[in-house]
Amino acid sequence: MTSLTNTVVFITGASSGIGRSCARTFAEAGAKLILAARRKNRLEKLAADLKKQFNTETFIDELDVRDNRAVAKFYKNLPVEWRNIDILVNNAGLSRGLDKLYEGKFEDWDEMIDTNVKGLLYVSRTVLPGMVKRKKGTVINIGSIAGHDVYTCGNVYCATKHAVDALTKGMRMDLVDTPIRVCTVDPGLVETEFSEVRFHGDKERAKKTYQNMTPLTPDDIADAVLFAATRPPHVQIAELIIMPTAQASTTLVHRTQ
Ligand code: NDP
Ligand code: 8X3
């Protein structure tokens, strides 16, 4: 495993779920962390915990990845010693609603497209030029099995994750003449706040997503992200698809009852 000492890792959506687990996993491996999300209070708590547990250096700030000006400002405000980002984890993302397309809500569609597709683009467009200039860097996009498959009422969310898959492939092509590596980690069911967000805060409905089966934990995904990030420089992990053992596709989940 490549050492992560003095490595700067930028994780979007670090206030919860997979992003927060990635922060902890990279902190334990000795990296320095730039953590962004809209809920800054959560980032402050996480940074304090990581300092205490692993003596991790962090730079945290509030960021809404949907706002391209805010993304540019976030980067511009980074102290100079934090600008040389070695690893970018494009994790910020969400689903909203589970409706038939002809009954979908415009605001749900806008939020998913603006976050999962445009947010990932804005952050990548901001960070990649520095990586290209320094001839060093790894980008890890958090896609989904929903980027390979479509399920009933998943229409727009699945479309955004198909877009992440296409953008990952496009990035890899555009960077093939550089040492920069581009990877996508594509999980199936992971128990996080994802379903609660999808169902607009309906905790009972969210819980049912993971009922009578063992879902992945966010740490399972963070492990895979760390693995991809720590291969020797000539090894590019292009894609990792990870599902719970009880899941075979977006539509086939074995439940014990
Ligand atoms: P969580 O809801 O637990 O975490 C989502 C994170 O994204 C939060 O930290 C949230 O922070 C952040 N986020 C959302 N919108 C924005 C925004 N506009 N700007 C900045 N940050 C934002 O869900 P997960 O951890 O599960 O989701 C992480 C990624 O994993 C997503 O891309 C999701 O699509 C993907 N994924 C999840 C799966 C699952 O089953 N859970 C499976 C496959 C993929 P805040 O609200 O503070 O801004
Ligand atoms: C989240 C996984 O199957 O709920 O991306 O769409 S799924």
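Colleague: What should I know about the numbering and the model before I start?
Modeller: Residues are numbered from 1 along each chain as its sequence is written, while chains are lettered from A and ligands numbered from 1 in the order in which they are written. The model is predicted, so that local features need pLDDT of at least 70, side-chain atom pairs count only at pLDDT 80 or more, and totals for chains, interfaces and linings use all residues, with side-chain values taken from heavy atoms, leaving out hydrogens and water.

Colleague: How many disulfides does a search of the whole structure find?
Modeller: A disulfide is a pair of cysteine sulfur atoms within 2.5 Å. The sulfur of Cys22 is too far for a bond, because the closest cysteine sulfur, in Cys183, is 11 Å away. For Cys153, the nearest cysteine sulfur belongs to Cys158 and is 10 Å away. The number found in the whole structure is zero.

Colleague: Which residue has a side-chain N or O atom 2.7 Å from an oxygen atom of ligand 1, besides Arg38?
Modeller: A polar contact is a pair of N or O atoms within 3.5 Å; within protein, one must be able to donate a hydrogen and the other to accept it, and residues adjacent in sequence count only if both atoms are side-chain atoms. Asn91 uses a polar backbone atom, 2.8 Å from a ligand oxygen. The side chain that answers your question belongs to Tyr157.
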